[in-house]
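The structure comes before them.

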Amino acid sequence: MLIKKPSDIKPSEITSKDLYMNRRQFIRAVSATAVSAGAVLSGLNSAFSQDAAAAGEKLTNVKKSSYSTNEKQNSFKDITNYNNFYELGTDKEDPAANAKYLTTRPWTVSVEGEIKKPKTYDIDQLTKLAPLEERIYRLRCVEAWSMVIPWVGFPLNSLIKLAEPTGNAKFIQFVTLQDPKRMPGQKYNVLEWPYVEGLRMDEAMHPLAILSVGLYGEVLPAQNGAPIRLIVPWKYGFKSIKSIVKIRFVEKAPPTSWNISAPQEYGFFSNVNPEVDHPRWSQATERRIGEFLRRKTLMFNGYGDQVASLYSGMDLKKYY
């Protein structure tokens, strides 16, 4: 069940900054040295800005959202060092190790298809489309591990409304960047590239679905899907596309990467459902990263009160 997040939570209870405070100190030292040396060339300034963003640039004017859980959050270290991001490698530690290759400036996102107002947005334009919110979501991966993460982003429906979909827009497809130089995992045929994902329009319009541009109040790290990714908390692990470059409005259900790769394991709808086992493991329980004991998996990842009506009358064992 979602509950409102108190405004007076102590910082010590919600954040673990030791991992990247040292990086900030280093950046400040480098900055001071550069200024004293008179390094003010625009090219150097641009490069420094990009490095600073990758190291944890603070996001401003972020509002606390009532769409949050009060569960204990995972640490910054947990969230940024245990990742599924095959474009940066298949092992959980690979994305953090290969994050240095994923430069995120310049970056554009094309919004196209069955809409009245197609447009290509610069990433900085996108972050200003709607007020940024911190949403602390309970997230469960298909591999039966889970975390609690303080994402920063804006509702996906705010972008949809600006695009003005036509009556033919029944689904939305999302497409990840394809660039093996920046995404070394794409050098291998683990999946068909680029990575693609899709939502039904009513799923995409639900207020819980967000486009995230940060976590812990700072710019999204590369290993977590920078500069912009999809977060659908009742489908996390199934619908978690990262580093988005295209958003297409389409009439028919679009192909999705894992359904193409393993249709017997990943259907188009793929909700978190403890009653439907994955062919290779049970979905009934999960292990929260940082904990030893397993816990029961909640239907729709605990967001059933908000989203169950989307699937009224559907056989969720058939439409997995």
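Q: Which residue in E7 is the bridge partner of Val175?
A: This is a predicted model, in which local features need pLDDT of at least 70, side-chain atom pairs count only at pLDDT 80 or more, and totals for chains, interfaces and linings use all residues. Residues are numbered from 1 along each chain as its sequence is written, and side-chain values use heavy atoms, without hydrogens and water. Strands are DSSP runs of at least two residues, numbered from the N terminus, and two of them pair if DSSP finds at least two bridges between them. Strand E6 (residues 171-176) pairs with E7 in the antiparallel sense over 5 bridges, and the E7 partner of Val175 is Val196.

Q: What is the order of the 5 strands in the open sheet?
A: The pairing in this sheet is mixed. Its order is E3-E2-E11-E6-E7.

Q: Which are the edge strands?
A: An edge strand here pairs on one side only. The two are strand E3 (119-122) and strand E7 (196-200).

Q: What volume does the largest cavity have?
A: A cavity is a set of points on a 1 Å grid over the protein atoms alone where a 1.4 Å probe fits but cannot get out; lining residues have an atom within 4 Å of a point. Its volume is the space filled by probe spheres set on the points, which are joined across faces, edges and corners. Residues lining the largest cavity include Glu197, Lys239 and Trp258. The volume of the largest cavity is about 60 Å³.

Notes:
On a 1 Å grid over the protein atoms alone, a cavity is a set of points where a 1.4 Å probe fits but cannot get out, and a pocket is an open set with protein on both sides within 12 Å along at least five of seven lines; lining residues have an atom within 4 Å of a point. Helices (H or I, at least four residues) and strands (E, at least two) are DSSP runs, numbered from the N terminus.
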